[in-house]
Amino acid sequence: MPLKSRHLLGLHGMPREDIELILETAISFREVLDRPIKKVPPLQGKTIANMFFENSTRTRLSFELAERRLSADVLGFQTSGSSVSKGETLKDTARNIEAMKVDMVVMRHWAAGAPHYLSNVIDANVINAGDGAHEHPTQALLDLYTIHEKHGKIAGLHVCLVGDILHSRVARSNIYGLTALGAKVSVCGPATMIPHGIERLGVQVFHHLDEVIGNVDVLNVLRVQLERDAGRFFPSLREYHHSYGITKGRLEKAGKPITIMHPGPINRDVELSSDVADGEHSVILQQVLNGVAVRMAILYLLATGNQ
Amino acid sequence: MRTLKGTIMDAAAIERTITRLAHEILERNKGASNIAIIGIRTRGEFLARRVAERIEKVEGIHPDLGFLDITLYRDDLLGKLEQPMMKGTDILFDITGKDLIILDDVLYTGRTIRAALDGLIDLGRPRTIQLAVLIDRGHRQLPIKADYVGKNVATSANESIRVHLKEIDGEDSILLMHPEKEGK
């Protein structure tokens, strides 16, 4: 069964079977990454444009690697120094790129909904690589893959998202994906950083880490997004670390091993202490590796699905 | 609905054929010390397991055994109406320098084997690659030939061959089916 949609815009409303198909397909690509020659030919002749309207290192490199390892041709595009800085509209930029016979577009944009808009004005498959504070579906899918790899299941696990839920597209996509697969999801952070009404997405809200940490299997620790002026939402970084920073002492009090995840880049000794980030229960670097396999699976499924 | 035209092999014939193939492989390679058996998923996997078992009985050595998913190497991947499911490649040893024996159920156009050759060569540099099939039904579209053949069967292109293996189909049999009739 192919995916129901020819775009990957978000996990909101994505059928459970589609999420499972992506995770299952990613297992085969994860095996490819362990081979001496980490390249397979299924997207030979396809051209993919990576349009990044916002800074990114990990996601952009991960997509680019996934595309090249599937033998696709890759076009890079960044806003600085491009026609966008000359005032071109998103629609015109995309349609010009499409006129060069591009089959798929991977887009990161600062505006929520930009990839959805794009999918209505061009014929290429559109993949959302993060839109504003809305969704980051490939990050959530690689998080799901990593949780499954570590725990052998997702249903029934308790996953707590810690930190800045308000600005976090990673949090939103994770909530949709985890609840669709039957995990118990909670969020924990300062009241100023938890959006009102988030309970309606099926999550429990906590404001004190110590209330929830003893019951969780996985902590997905979000980055304090200082570039989005996150500092306005709490008194100081030191106080944030004191209240919400994950430290060895805190984890020891929980009395059981807890898997530590982080979408990166880490602010060391703000949301995570260094000994936890590099500790034995941290799967942060596995997330990065699995990200390539999961993105290969998504590109492969969209390119070979019935169009 | 396709209807049955005849039985090509029953369970006993399949067993005997696999035994013969195993012996031919050992004879040609002068023993089992350097060979590795690669089954093409899905049904080649079970044939590979059975051949490896026979070889172990005769030689006392269990040859390296691996399974290859050729999906990513198909030449019709981007044009297919139905999305092929990936089955996973499972080859946990270094194939470089080995004599690889590919096992598959039916050799037909040769396109699957072309894909398998490309897939294997991406994993290393074997000393030789040989091909063993249960049925060779002719109609090759590529210059590919089997080294070990269970049975040559003359077919017309619109007939089909159904291979059942007990590991996944509950029974062992190979059947020749009539072409689908128009309007039924």
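Biologist: In this model, is the crossing of α1(A) and α5(A) left-handed or right-handed?

Modeller: The model is a predicted one, and in it helix α1 (residues 16-32) of chain A packs against helix α5 (residues 137-151) of chain A, with their axes 10 Å apart. At their contact, Ile22(A), Leu23(A) and Ala26(A) in α1(A) meet Leu141(A), Leu144(A), Tyr145(A) and His148(A) in α5(A). The crossing that these two helices make is right-handed.

Biologist: Are α1(A) and α5(A) roughly parallel or roughly perpendicular to each other?

Modeller: The two helices pack at an angle of about 65 degrees. Angles of 65 to 115 degrees count as roughly perpendicular, and therefore α1(A) and α5(A) are, relative to each other, roughly perpendicular.

Biologist: Which element gives the most to the side of chain A that touches chain B?

Modeller: The contact between the chains takes 15 residues from chain A and 13 residues from chain B. On the side of chain A, the elements that give two or more residues are α1 and α11. The one that gives the most, with four residues, is α1(A).

Biologist: Which residues touch the most other members of the largest nonpolar core?

Modeller: This core holds 138 residues, and its largest share, 11 residues, comes from helix α11 (residues 284-304) of chain A. It also draws at least three residues from each of domain 1 (16-136 + 288-304) and domain 2 (137-284) of chain A. Leaving aside residues up to four places away in sequence, Ile38(B) touches residues including Ala48(B), Leu68(B), Ile91(B) and Leu120(B). The residues that touch the most other members of the core are Val105(A) and Ile38(B).

Terms used: Residues numbered from 1 in each chain as written. Chains lettered and ligands numbered in written order. Predicted model: local features only at pLDDT ≥ 70, side-chain atom pairs only at ≥ 80, totals over all residues. Core = buried A, V, L, I, M, F, W, Y, C linked by C-beta atoms within 7 Å. Buried ≥ 20, exposed ≤ 12 C-beta atoms within 10 Å, placed from the backbone. Domains from an automatic or database assignment. Contact = placed C-beta atoms within 7 Å. Axes fitted to C-alpha atoms, helices over the stretch in contact; angles between N-to-C directions. Parallel < 35°, antiparallel > 145°, perpendicular 65-115°, else oblique. Left-handed = near helix turned anticlockwise from the far one by under 90°.
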